[in-house]
Structure formats: C-alpha cells, structure tokens
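Here's a quick look at a ligand and the space around it. Have the structure open while you read.

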Amino acid sequence: MREMRETSEMSREPRAASETAEHPVATLRLGHLYPDQLNVYGDRGNILTFQRRCAWRGIALEIAPVGGDDRLDPAAYDLLFIGGGQDREQEDIARDLRERKGPALRAAVEAGVPLLAVCGGYQLLARFYRPAEGPELQGAAIFDAWTIHPGKRVERCVGNVALRWRETTLIGFENPGGRTYLGAGAQPLGAVLAGFGNNGEDAREGCVVHNAYGTYLHGSLLPKNPHLADHLLALALARRYGVSAAARLLPPLDDTLEWQAHDAMLRRVGVSPTPARLPLSPHATT
Ligand code: GLN
C-alpha cells in the first residue's frame with residue numbers, strides 16, 4: 001500500500017466521485033476520437049490517466065466518444081485525444097477526416113484546444129501516410145510531417161523510447177512500421193535519448209503545433225509521464241478558466257509511484273533520470 005504524505009497540497013485521496021460529480025471544482029470536456037477503431041497498445045490508458053488526475057483534484061472530466069459517423073464541433077471540447085491503429089483502420093479514418101472531421105479538427109487546434117495524438121492517430125493528423133500497401137492516405141494536415149511505410153519486409157520500429165522533453169524526460173513504447181519526417185519549420189516533441197523516434201534517423205520524436213502533441217509513444221504514454229498529463233490538463237484548464245485558475249485547480253500530486261516507473265524504464269534503456277520533474281513553464285517551447 002502506497003505511503004501517502006498527506007499534505008493539503010498533495011492529497012491522493014480522490015474526492016468521492018459523487019462529491020466531484022455534484023460539486024466539481026471545475027469541469028473539462030474530452031473528445032475521444034475513434035475510440036473503437038484507434039485503440040492499440042493501451043492507448044485508452046491515457047484517457048483513464050486524465051480521468052484519475054482530474055478526479056484527484058475534484059475536477060469532473062466529461063468524456064465523449066467521437067466516432068466515425070459523428071460530427072465534430074470544434075468548440076465542444078477542452079481536450080482531444082486520438083490513439084493508434086493498424087493500416088486497415090487508418091484507411092477508413094483517413095476518409096472520414098477528409099470528408100467530415102478534418103476542417104473542424106484543424107479549427108479546434110488553431111483555436112488552441114490541447115490535443116494528444118498517438119502513433120496511427122499522429123500519422124493521420126499529419127500531411128499524408130503512405131502505408132505498406134494500398135493508396136496514400138491524405139491526412140488532416142495539422143502536423144507539418146508525413147509518413148512513409150518502407151514495406152512489410154523492413155522491420156518495424158519496435159521498442160522502448162526515452163526522450164528529452166524540455167528539462168525533463170518522457171518514456172514510452174513504440175512500434176510503427178511507418179517512418180515520419182518533419183517539415184522544415186516543424187517542432188519535434190523531443191530529442192531521442194534511446195529508441196527510434198520518428199524514423200530512426202534524425203533523433204527527433206513527435207511533433208508539436210499550437211497545443212497539439214503528436215507522438216509515437218504508446219504504453220500507454222501518460223501513466224508513466226504524469227508531468228505531460230498535467231501539462232495537457234493545465235493547457236485545457238488555462239484555456240477554459242484562465243492561467244491563474246489552472247495553477248490553483250491543479251495542485252501537485254504525490255507521483256512517487258509514477259516516477260519510480262518512469263525512472264525504472266529510463267534505467268532499462270540506459271538513460272539516467274534527470275532531477276527536473278516538471279517542464280518549467282506551460283508555454284515554453286521545447
Ligand atoms: N499502422 C501504423 C504503422 O504501422 C501505425 C501503427 C500504430 O498506431 N501502432 O506505422
């Protein structure tokens with residue numbers, strides 16, 4: 001059983017769900033894009049992490065599935081998430097993005113809605129994905145990047161990945177067949193310390209534009225990276241309630257276990273943990 005240093009600031013005791021439901025200190029609306037088609041390697045764990053980290057602060061997180069047939073209202077959500085999936089699923093979703101949701105998703109991101117896109121979702125929110133077989137899939141062109149699958153005979157980029165993200169680290173697992181390349185002005189999420197990253201060539205991983213974060217990191221990503229989860233929640237709260245409210249609404253939690261898991265994975269890939277635990281400021285560039 002976890003030893004809790006009970007302080008008013010770092011309580012871990014989730015407020016009773018009923019109490020949060022009845023008297024939430026704040027409410028956030030999360031749109032989960034294609035939850036049934038894009039959900040591999042534990043991607044749903046990212047939603048659970050957002051949910052728990054909100055509940056531990058008495059914040060109500062309303063989660064709405066936004067499936068293939070649903071319209072997307074760019075103003076309806078404070079946070080968006082899209083997971084990964086196989087080439088087969090990506091073809092259907094590329095069509096839906098082209099015919100239905102692409103413009104609304106771009107509008108939401110341009111309006112600063114925080115978004116986390118993992119692996120196949122990341123590829124489909126970029127300019128295009130050329131799968132191992134079949135037609136090239138036009139993406140939503142949110143990230144200035146493109147992906148080419150070198151063919152089934154070439155090994156996938158499988159394994160644990162450690163990144164330098166600002167003054168700290170991110171850790172996760174990746175397994176894409178595709179290789180992603182960033183456009184000239186595109187900003188990577190982080191620098192690769194261990195693993196393949198976007199393509200196993202340029203030591204960069206992911207892509208960031210406005211408050212949209214694309215990455216290959218599965219695992220799921222957020223349970224072992226509580227600082228990134230809180231960073232995205234802080235962006236969502238700041239947008240809805242103001243920057244000062246965001247700081248007040250997100251008191252630090254006792255993330256001892258999360259950091260133990262994070263550091264254990266870093267050591268496993270031969271990277272020494274950094275003392276810095278938090279990105280210094282929500283709006284600093286990488
Ligand atoms: N199908 C894509 C690829 O192979 C994405 C895989 C995934 O999301 N895990 O690269």
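## Ground rules

For the classes used below, Ala, Val, Leu, Ile, Met, Phe, Trp, Tyr, Cys and Pro count as nonpolar, Asp, Glu, Lys and Arg as charged, and the others, Gly among them, as polar. This is a predicted model, where local features need pLDDT of at least 70, side-chain atom pairs count only at pLDDT 80 or more, and totals for chains, interfaces and linings use all residues. Residues are numbered from 1 along each chain as its sequence is written, and side-chain values use heavy atoms, with hydrogens and water left out.

## The cavity

The lining of the largest cavity splits into five nonpolar, nine polar and two charged residues. A cavity here is a set of points, on a 1 Å grid over the protein atoms alone, where a 1.4 Å probe fits but cannot get out; lining residues have an atom within 4 Å of a point. Of the 16 lining residues, G85, Q86, C119, R156 and P176 lie nearest the centre.

The ligand sits in this largest cavity (more than half of its atoms lie within 2 Å of the grid points).

## Around the ligand

The ligand is surrounded by 16 residues, with G85, D87, Q90, G120 and R156 the closest (near means a heavy atom within 4 Å). That shell has four nonpolar, ten polar and two charged residues.

Now for the polar contacts (pairs of N or O atoms within 3.5 Å). D87 puts a polar side-chain atom 2.6 Å from a ligand nitrogen. A polar backbone atom of G85 is 2.9 Å from a ligand oxygen, and a side-chain N or O atom of R156 is 3.0 Å from an oxygen of the ligand.

Terms used
Polar contact = N/O pair within 3.5 Å; in protein donor to acceptor, adjacent residues only side chain to side chain. 1 Å grid on protein atoms, 1.4 Å probe; cavity = no way out; pocket = protein on both sides within 12 Å on 5 of 7 lines; lining within 4 Å.
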